[in-house]
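I opened this model to look up a few backbone details and a few positions. My notes follow, entry by entry.

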Amino acid sequence: MTEAAWARGAITALRAEPAPATPLRRAIARFGGAVVHLKDESAHPSGKLKHRLIRDLLLHALASGDLREGATLVEATGGGGALSLGHFANLLGLPFTAVMPARAHPAQVAAIESLGGRCELVDPPLAIYTTAERIAAQDNGFYLDMFNRAEAATDWRTGNIGSELLAQCDTPPGWVVCGAGTGITAATLARHFRYADAPTRVAVADPGHSAYFPGWASGDPGYGTGMPSRVPGIGRPRIEPAFRIDLADRVVPVPDAASIAAMRYLAERTGTRYGPATGTCLWAARQLAARTGATGAMVIVAGEGGERYRDTYYSDAWLAGKGIDTGPWRSVLEESSG
Ligand SMILES: Cc1ncc(COP(=O)(O)O)c(C=O)c1O
């Protein structure tokens, strides 16, 4: 088979995977006159919002002739994106390597290995990018490089999270609240709402140590904190290339203890455990309602489920060991919700 025929077959296989709209769970919380709905991105086959981006990156690489038969897929990741990568590597019959910080949780390593992937653990954490590039160059590999390629690979006009969401709403929501890792979800939502002439505004919920809030507030795209986020999947030590500060209507800083309080509060209300980043979004929705008096529909993006955090963010003993007290934040949520 020629390279081009293999790439065409691989594109067909990716496009053949059913990709129904992820569910919109309605009225999961109310703050004043605002009703909060939840876009459940944990419903993707790989359980992650990153499913969309990894699929788009692979399609882009195949259509561009950059990804060849037998290549090892390599990605630098905090761990989360590797599960989506593993899903697609298996679909295409390609080996994959996840390059992760050495302090990655053993359960995360086990999850990647159970998908047939290899983990390369690296210290210091920021060395994951150069290591992934090196491994890919040595090893007949293809480095996905999501932080740098997200923007080129993502179609903000059709078939994205924004177009899906508008089709699920009778009238466009006033706000959508999401977190930012690469920043592509926030940028795609904002671009699509302009393209569709929807009045929906985009708020980015930003955890502790992240550069997105100070960068947005100061208007400086070169802002850096140099500190890793403690909320998996979102918050970055620098403004990443796919994040456009001028496309975010608001960036809401969220203390980590408030993210965790909101995550647990949401689990009790809905009976579903989502990850800590969903708590960040819920807290930011509460802040928006309280600070701007926003009423009507707001949508928060849930990027992943929470079962893998059972022994950490959902564990009272773990939180106590870290000196994290969610109590005061919890009280604020209860007082402001209806
Ligand atoms: C768990 C999780 N990961 C990632 C993201 C966003 O990722 P990106 O900015 O790379 O699109 C979100 C957004 O809310 C999220 O909840």
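Entry on D145. I counted 17 C-beta neighbours inside 10 Å of D145, so D145 is partly exposed. The model is a predicted one. I then looked up where D145 sits. D145 lies in the loop that runs between strand 6 (141–143) and helix 6 (146–153). I also checked its backbone. D145 is not a glycine, yet its phi is positive, about 55°.

Entry on A27. Here I found another positive phi in a residue other than glycine: A27 has a value near 50°. A27 belongs to strand 1, residues 24–31. Is A27 buried or exposed? A27 has 10 other C-beta atoms within 10 Å. The cut-off for exposed is 12 or fewer, so A27 is exposed.

Entry on P124. I looked at the peptide bond between D123 and P124. That bond is cis, with omega about 0°. Where is P124 placed? I found P124 in the loop between strand 5 (118–122) and helix 5 (128–138).

Entry on E307. I placed E307 in the loop between strand 10 (296–302) and helix 12 (316–322). Next came its surroundings. E307 has 13 C-beta neighbours inside 10 Å, so I noted E307 as partly exposed. Last, I checked E307 against Y129. How far apart are E307 and Y129 in sequence and in space? They are separated by 178 residues in sequence, and their C-alpha atoms are 28 Å apart.

Notes: Residues are numbered from 1 along each chain as its sequence is written. This is a predicted model: local features need pLDDT of at least 70, side-chain atom pairs count only at pLDDT 80 or more; totals for chains, interfaces and linings use all residues. Helices (H or I, at least four residues) and strands (E, at least two) are DSSP runs, numbered from the N terminus. A residue is buried if 20 or more other C-beta atoms lie within 10 Å of its own, exposed if 12 or fewer, and partly exposed in between; C-beta atoms are placed from the backbone.
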